[in-house]
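Here are my notes on the structure, set down point by point for someone who is meeting it for the first time. Please read them with the model open beside the text.

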Amino acid sequence: MGIKLFSPKAPAPSKDFYQLQLTTKEVIIRSWRISLRNEFRDARPSVNKESHQDFLDSPTIQAQVGIIFGENILQYVVKACQGHFDFLERLPEPLILRILDFLDLEDIARLSQVSHRFQTICNSDKFWEHIVETSCDRITPEMRSLAQDVGWKTLFFTNKLQLQLQLRRRKNKQDQEMSRY
């Protein structure tokens with residue numbers, strides 16, 4: 001599994017820093033309290049190391065992780081401590097985009113329902129721009145401009161007649177605006 005790090009700053013007005021480190025054997029929580037209050041001025045950074053089983057057996061530590069790092073991170077850590085690793089979620093986005101090149105549109109639609117991360121990636125302009133670039137012979141500057149306005153996914157699913165009509169309207173509108181000056 002390797003090492004997974006999460007390092008948020010506590011929500012305002014707190015200036016405390018936290019780090020959660022997940023290793024193959026331990027869950028390590030580091031904290032550093034930063035405060036102007038006298039009772040915390042001499043506070044040193046602290047480290048709390050728990051084995052995976054001790055973490056699973058401690059609702060207090062789990063609640064602390066949930067509050068500081070959020071429910072998604074807590075669920076990720078609990079599942080990892082139980083031995084359930086979601087390697088697909090951990091893949092870097094460029095690699096996921098490369099894998100998506102080999103999928104049909106139906107499969108991409110299904111994958112977008114797997115998680116919020118995959119929904120974001122499968123609906124991103126970066127992904128659909130790549131799809132349009134690989135499926136079209138040539139992308140004109142007018143098409144790029146239209147894609148900036150309506151989105152690459154919408155541009156992809158627009159049929160050729162509608163696309164030509166939209167491009168023509170856009171050009172006419174630009175010509176009219178230029179003729180006013």
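1. The chain exposes about 12,800 Å² of surface, of which carbon and sulfur atoms supply 53%; accessible areas come from the Shrake-Rupley method with a 1.4 Å probe, and for residues only the protein chains shown count as cover. This is a predicted model, in which local features need pLDDT of at least 70 and side-chain atom pairs count only at pLDDT 80 or more, while totals for chains, interfaces and linings use all residues. Residues are numbered from 1 along each chain as its sequence is written, and side-chain values use heavy atoms, with hydrogens and water left out.

2. The chain contains eleven helices and four strands, taken as DSSP runs numbered from the N terminus (helices H or I, at least four residues; strands E, at least two). Of its 181 residues, 31% count as buried, where buried means under 20% relative accessible area, exposed over 50%, and partly exposed in between (1.4 Å probe, protein chains only).

3. In helix α8 (residues 125–135), the buried residues include Phe127, Trp128, Ile131 and Val132. Seen down the axis of α8, its buried residues fall within an arc of 135°, so they line one face of the helix; the arc is that of the directions from the helix axis to the C-beta atoms. Lys126 and Thr134, on the other side of α8, are exposed.

4. The buried residues of α8 pack against α5 (93–100), α6 (105–111), α7 (116–122) and α10 (152–157). Leaving aside neighbours within four places in sequence, Phe127 is in contact (heavy atoms within 4.5 Å) with Leu97, Leu100, Ile108, Ile121 and Cys122.

5. The largest nonpolar core has 20 residues, and those with the most contacts inside it are Leu100, Phe127, Trp152, Leu155 and Leu163; such a core is a set of buried Ala, Val, Leu, Ile, Met, Phe, Trp, Tyr and Cys residues joined through side-chain atoms within 4.5 Å. To this core α8 gives the most, with four residues. Apart from it lies another core, of 17 residues, among them Ile29, Ile61, Val65 and Ile68.

6. On the surface, Phe17, Trp32 and Ile34 form a nonpolar patch, with about 270 Å² of accessible area together. Phe17 lies in strand β2 (residues 17–22), and it counts as partly exposed because its relative accessibility is 37%.

Conventions. Patch = residues over 30% accessible without salt bridge, like charges linked within 9 Å, V, L, I, M, F, W, Y side chains within 5 Å. Salt bridge = Lys/Arg side-chain N within 4 Å of Asp/Glu carboxyl O.
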